[in-house]
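Please open the structure in your viewer and keep the selection panel at hand.

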Amino acid sequence: MSAIKKEYKRITTKSVVEMKANGEKIAMLTAYDYTMAKIVDHAGIDIILVGDSASNVMAGHETTLPITLDQMIYHASSVIRAIERCLVVVDLPFGTYQGNSKLALSSAIRIMKESGGHSVKLEGGEEIAESITRILSAGIPVMGHLGLTPQSIYKFGTYTVRAKEEEEAEKLKKDAKLLEELGCFALVLEKVPSKLAKEIAESLTIPVIGIGAGDGVDGQVLVTHDMLGMTHEFSPRFLRRYLDLYVEMGDAFKNYINDVKSRDFPNKEELY
Ligand code: KIV
């Protein structure tokens, strides 16, 4: 089937809801810096997520928990300086919104004011409803995130598929409905059975963007460094690699090292 595609000069939260209504799939990728964001935006991506996966990908932490609000603002402002067209969603990091809706609002305001981001993403359902409501009341668009929520990794114990059992699947469906009712403009569903993800996407008017959630949702998101093959040690089933940059960049670095050592670089044409 050929892709349905309306031309958008700028993607807004309204555009992505419209895309779902028109049957156009939404493409989302992560970026954490100016150069990558420029390439991703110019390629025509709909949404850039400044994910707290920066904690893993950029800083080398084992989990997303250590990244701070200041660090997220630094990454998001670098991305904002690069983009011309896409919508930018910024993750609220762990510890900046759970259990305290006033703190949640002040964290979201700092993201919007200091980075210029267009919206924020929070992990969780009913338990963070008050925080979501307060953030929305300030006019800040919110994207939800359910299923595997990496900020709760120590509660889950593993990064395995969520909601395979009836009880968790029922809670997921209720939480997804609640996030729509509260006023979230979209929702990420991470690592859940594709049948369940499809059912949830079909029951909502806001777009559901999946990562490891199958083909029945309204869009897809991947971590850019993973889909480019830079992080070769990470190989979940849902990850499609479009390049093998770990190998290609490694070869380029080896060639450079050889050229320097062998005095081939710089040559006569590369001198002043
Ligand atoms: O932080 C992130 O990159 C994310 C995606 C995996 C959805 O939340």
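**The ligand and its surroundings**

Select Asp52 together with the ligand: a polar side-chain atom of Asp52 lies 3.0 Å from an oxygen atom of the ligand. This is a polar contact (a pair of N or O atoms within 3.5 Å; within protein, one must be able to donate a hydrogen and the other to accept it, and residues adjacent in sequence count only if both atoms are side-chain atoms). Next, select Ser53, where a side-chain N or O atom is 2.5 Å from a ligand oxygen atom.

The model is a predicted one, in which local features need pLDDT of at least 70 and side-chain atom pairs count only at pLDDT 80 or more, whereas totals for chains, interfaces and linings use all residues. Residues are numbered from 1 along each chain as its sequence is written, and side-chain values use heavy atoms, with hydrogens and water left out.

**Helix α1**

Select residues 13-22, which form helix α1; helices are DSSP runs of H or I with at least four residues, strands are runs of E with at least two, and both are numbered from the N terminus. Colour Thr13, Ser15, Val16, Met19 and Lys20, which are buried (under 20% relative accessible area; exposed is over 50%, with a 1.4 Å probe and protein chains only). They lie on the same side of α1, because they cover an arc of only 160° around the axis, taken from the directions from the helix axis to the C-beta atoms. Lys14 and Ala21, on the other side, are exposed. Now show β1 (26-30), β2 (47-50), β3 and α9 (194-203), against which the buried residues of α1 pack.

At the start of the helix, a side-chain oxygen of Thr12 comes within 3.2 Å of the backbone nitrogen of Lys14. Just after α1, Gly23 has a positive phi of about 80°.

**Thr96**

Move to the loop between β3 (87-91) and α5 (101-115), and select Thr96. Is Thr96 buried or exposed? Thr96 counts as buried, because its relative accessibility is 10%. A polar atom of its side chain lies 2.7 Å from the backbone oxygen of Pro93. Leaving aside residues up to four places away in sequence, Thr96 touches Leu69, Leu103, Ala104 and Ser107, with heavy atoms within 4.5 Å.
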